[in-house]
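Hi everyone, thanks for making time.

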Amino acid sequence: MGIVYSAQQNYPAERMVALKLIKNTPKQEQLISESNILAKLNHANIANLIEINKNPDGQLYITMELINGTDIITWCKNKKYDVKQTIHLFQQLCAGISYAHEKGIIHCDIKPNNVLVVDKNNIATVKVIDFGISQFENNNSDKEDISGTPAYLAPEVLDQKATSVADTRRDVYAMGVLLKKLLPNGLSKDLQLIIKKATAINKHKRYASPITFSSDLSNYISKKSITARKPTFFYLTQLFIKRQYIVAVSYTHLRAHE
């Protein structure tokens, strides 16, 4: 799509920004139109788009919030995050992408390098970057011009026989692949089923949105039943016992410190 530089902006404010020079393409006008809509995205977990314009030579450029962050996989590895910490961080990604979906925008290129983590007042904060190949929900895309990172592309995007329509579940699939890479081997059955549902080959069997994906992850952490698993009596009983055990341990710990 282009080359990105770190640059100093002098107007309307002096600040460091990310300056992306877009390569010449017949779709430049479309990029300008779509990017103007992306400028309306205002969310704590999305890098802000500041300006779309052309310089006197006709070079299209995008000015964005400069994110001095670390990709989410490297961050979790360096910080030695456990499963629960990793899931909580991942849920920030869910929140950011869900917000974009509410605005009718599909990211289309969710991958580690586009999910950065920054330290804000000792709080790990996810910042989603690069909406450069995003699409509008339910818009048809050109099958001859498939964009995205192969390992994170949903099967329907690569299916030449299918009609390519931008859908929120395309992002859900990529997020499922990313979560699998984030978490260690030997996952519990519930986590395996959550990832399996997020990355289902049939998009209609996936989570319909990042919010429902995130909700199942919250249920897992809270020892509640997940939608990705059949709610059998044995399964529900197991979860009930685990919840009661946690309550009992917490009560004992509290009394010990009185």
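**A look inside**

Let's begin with the largest cavity, which holds about 40 Å³ of space. Before going on, please keep in mind that this is a predicted model. In total there are two cavities of 30 Å³ or more in the structure.

Okay, on to the salt bridges. How many does the structure hold? There are seven, and I'll pick out a few of them.

Take Arg206 and Glu156, whose side chains meet in a salt bridge at 2.7 Å, N to O. Arg206 sits in the loop between α6 and α7, while Glu156 is in helix α4, so this pair ties together parts that are 50 residues apart in sequence. And are these two buried or exposed? Both Arg206 and Glu156 are buried.

Next up is Asp167 with Lys203, another salt bridge, where the closest N and O atoms are 3.8 Å apart. This pair also links distant parts of the chain: Asp167 is in the loop between α4 and α5, Lys203 is in the loop between α6 and α7, and 36 residues separate them. Again, both Asp167 and Lys203 are buried.

Then we have Arg229 and Asp190, with their closest N and O atoms 2.7 Å apart in a salt bridge. Arg229 has a relative accessible area of 19%, so it counts as buried. Asp190 is buried too, because its relative accessibility is 7%. One more thing on salt bridges: some share partners, and that joins Asp167, Arg169 and Lys203 into one network.

Two more residues before I stop. Thr125 is in strand β8, which covers residues 123-128, and with a relative accessible area of 12% it is buried. What does Thr125 touch, leaving aside residues up to four places away in sequence? Its contacts are Ala44, Asn45, Gln92, Leu116, Val117, Val118 and Lys120.

Lys180, on the other hand, belongs to helix α5, residues 168-182, and counts as exposed because its relative accessibility is 59%. Its C-alpha atom is 9.3 Å from that of Lys196, which is 16 residues away along the chain.

Definitions and conventions
Residues are numbered from 1 along each chain as its sequence is written. This is a predicted model: local features need pLDDT of at least 70, side-chain atom pairs count only at pLDDT 80 or more; totals for chains, interfaces and linings use all residues. Side-chain values use heavy atoms; hydrogens and water are left out. Helices (H or I, at least four residues) and strands (E, at least two) are DSSP runs, numbered from the N terminus. Buried means under 20% relative accessible area, exposed over 50%, partly exposed in between (1.4 Å probe, protein chains only). Contact means heavy atoms within 4.5 Å. On a 1 Å grid over the protein atoms alone, a cavity is a set of points where a 1.4 Å probe fits but cannot get out, and a pocket is an open set with protein on both sides within 12 Å along at least five of seven lines; lining residues have an atom within 4 Å of a point. Grid points are joined across faces, edges and corners, and a volume is the space filled by probe spheres set on the points. A salt bridge is a side-chain nitrogen of Lys or Arg within 4 Å of a carboxyl oxygen of Asp or Glu.
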